[in-house]
Amino acid sequence: MFLPKLREVKEALGSLFSAPYTTKFPAIPFEAHKAFRGKPRYNENYCVGCGTCAQVCPTRAIDINDDKKTKIRTLTVNYLKCMNCGQCEEKCITEKGIVLSNEHSLAVMQKDDPALFEKVDKSLAICESCGDVIACRDHLVWIKDKLGAKAYSHPNLLLETQRHFTDFEESKTKSIIRREDQIKLVCPRCRHKIVVADEFY
Ligand code: SF4
Ligand code: SF4
């Protein structure tokens with residue numbers, strides 16, 4: 001009958017002389033455990049702009065915006081939609097393009113506060129024939145590195161590699177492209193026209 005009471009007294013005395021479990025945040029800054037799943041952060045040096053993180057995000061917290069005029073792809077994480085699941089980090093093709101930090105505070109006064117958004121800008125490769133987006137330039141280089149010597153069989157990968165050594169101008173877009181346009185940076189649809197359609201029409 002008295003045993004539970006004695007146990008509670010023992011726990012109360014123990015708690016009285018031990019450190020508190022709660023923190024004094026925000027009065028005193030709180031640093032979460034390094035394994036804490038906080039705000040995802042892009043690493044511009046490792047992100048190649050492939051968009052996989054946006055595809056796997058279960059809450060659609062990552063937005064992709066391609067600006068064909070400036071040739072820039074912007075990936076934006078909206079922390080108000082993010083549930084810190086870590087799928088983006090786990091499925092990132094470079095494994096380091098986006099990493100969950102241990103930052104946890106979302107306290108802001110306005111819902112459009114820049115602190116609620118994480119962005120990265122990547123340069124786009126645009127089809128020299130129709131002007132469509134092909135991929136991010138860094139993504140092409142990443143594929144080239146993965147394929148090794150086999151990459152040189154694809155004109156897009158070959159041209160993107162050359163671009164790192166030579167600063168040559170892109171050609172003007174054409175209404176009709178033919179076999180002579182084989183060595184151009186073009187989208188899959190236009191390459192199909194070059195390789196197949198030109199043969200039969
Ligand atoms: S490289 Fe990683 S972080 Fe960058 S877009 Fe692809 S999946 Fe997202
Ligand atoms: S942590 Fe999860 S919810 Fe947040 S951006 Fe990454 S995939 Fe989306």
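Which residues does Val-186 touch, and in which loop does Val-186 lie?

Reply: This is a predicted model, in which local features need pLDDT of at least 70 and side-chain atom pairs count only at pLDDT 80 or more, whereas totals for chains, interfaces and linings use all residues. Residues are numbered from 1 along each chain as its sequence is written, and chains are lettered from A and ligands numbered from 1 in the order in which they are written.

Val-186 lies in the loop between α5 (155-163) and α6 (188-200); helices here are DSSP runs of H or I with at least four residues, strands are runs of E with at least two, and both are numbered from the N terminus. Val-186 counts as buried because it has 25 C-beta neighbours inside 10 Å, the cut-offs being 20 or more other C-beta atoms within 10 Å for buried, 12 or fewer for exposed, and partly exposed in between, with C-beta atoms placed from the backbone. Leaving aside residues up to four places away in sequence, Val-186 touches Cys-127, Glu-128, Ser-129, Arg-191 and Ile-194, where contact is a distance within 7 Å between C-beta atoms placed from the backbone. From Val-77, by contrast, Val-186 is separated by 109 residues in sequence and by 29 Å in space, C-alpha to C-alpha.

Just after α4, Gly-148 takes a positive phi of about 65°.

Turning to the ligands, 14 residues surround ligand 1, the closest being Cys-47, Cys-50, Cys-53, Cys-92 and Gly-97, while the 13 residues around ligand 2 have Cys-57, Cys-82, Cys-85, Gln-87 and Cys-88 as the nearest; a residue is near a molecule if its C-beta atom, placed from the backbone, lies within 6 Å of it. The shell around ligand 1 has 9 nonpolar, 5 polar and no charged residues, and that around ligand 2 has 9 nonpolar, 4 polar and no charged residues, with Ala, Val, Leu, Ile, Met, Phe, Trp, Tyr, Cys and Pro counted as nonpolar, Asp, Glu, Lys and Arg as charged, and the others, Gly among them, as polar.

As for the whole, the protein has 6 helices and 6 strands, and buried residues make up 21% of its 201 residues.

Key:
Two residues are in contact if their C-beta atoms, placed from the backbone, lie within 7 Å.
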